[in-house]
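Reader: I have a structure to read. Please show me how to begin.

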Amino acid sequence: MASLPSFQNAMLLTQAMTHKSYARENPDAGGDNERLEFLGDAILTFLCGEFLFARYPDKSEGELTPLRASLVDATQLGKFAQHLSLQIHLRLGKGVEGSGGRTNARLLSSAFEALVGAYFLDQRSQIAPVRAFVFPLFEAVVDDLADPTRNINEKSALQEWSLGRTGDIPIYEIVEESGPDHAKEFTAVVSIRDTVYGQGQGRRKQDAEKAAARNALRDLGLL
């Protein structure tokens, strides 16, 4: 299992793990992780582009762009966070803690971005140590994400199944919009005949709906 990078300044790591709900309840906490999240988001986008450019020299821009989106979306970054056991280190307010914040994919994704931003600052704004930290994480999952069999149209596949089984089309609804303006996260649910079949998160509404359809297909055993 991958491990957290070694920090010279432990306070940066602590801040990266501090959700705004905890900072509000504890004024002496030293600030929340939103600015670090902003920085980490930019760094991850750059490093992901660099990684894919070198990893797939024969892929076109049109092929690399959706692959980059898959590598740095809320779902995948949340998985990286869980792989690193970030949920153990999070500092959450009582309300967020009580509502399952430690297993919330969006919150874990934000914490991972903040971790990357904090590590960059800890390493005196040197990109090489951050690259050495995140590239193995990318490498571990990129082949699965690049698998052509994944590139189905999830919404079309779910609609085809729904029409065949019920005669109705799936209905998508954005049920939550959260995060700062620079890193909005949307949560969508997909329902068929008033029954929720899937839920998903994404940086764009379309991505959240696709994630909801994908999760519905998985639950139905169709993926």
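Author: Begin with aromatic rings. Rings of Phe, Tyr and Trp (its six-membered ring) pair if their centres lie within 6.5 Å; planes under 30 degrees apart count as stacked, over 60 as edge-to-face and the rest as tilted. By this rule there are nine aromatic pairs here. This is a predicted model, where local features need pLDDT of at least 70, side-chain atom pairs count only at pLDDT 80 or more, and totals for chains, interfaces and linings use all residues. Residues are numbered from 1 along each chain as its sequence is written, and side-chain values use heavy atoms, with hydrogens and water left out.

Reader: How is the pair of phenylalanine 51 and phenylalanine 135 classed, and why?

Author: A pair of aromatic rings is described by the distance of the centres and the angle of the planes. For phenylalanine 51 and phenylalanine 135, the centres are 5.2 Å apart and the planes stand at 70°, so the pair is edge-to-face. Phenylalanine 51 lies in helix α3 and phenylalanine 135 in helix α9 (residues 127-146), so the pair ties together parts 84 residues apart in sequence. Helices here are DSSP runs (H or I, at least four residues), strands likewise (E, at least two), numbered from the N terminus.

Reader: Which residues do ring pairs link into a cluster?

Author: The cluster holds Phe7, Phe51, Phe80, Phe112, Tyr119, Phe133, Phe135 and Phe138.

Reader: Is phenylalanine 51 buried or exposed?

Author: Buried means under 20% relative accessible area, exposed over 50%, partly exposed in between (1.4 Å probe, protein chains only). Phenylalanine 51 has 6% relative accessibility, so it counts as buried. Phenylalanine 112 is buried too, at 1%.

Reader: Which residues does UniProt list for "active site"?

Author: The unreviewed UniProt entry lists Asp41 and Glu113. They are spread over 73 residues of sequence, yet they cluster in space, with a largest C-alpha distance of 5.5 Å. UniProt positions follow the numbering used here, feature names are shortened, and annotations may be inferred rather than shown by experiment. Aspartate 41 lies in helix α3 (residues 34-55). Glutamate 113 is found in helix α8 (residues 105-122). Aspartate 41 is buried at 17% relative accessible area, and glutamate 113 is buried at 1%.

Reader: What does aspartate 41 touch?

Author: Contact means heavy atoms within 4.5 Å. Not counting residues up to four places away in sequence, aspartate 41 touches Glu113, His182 and Arg203.
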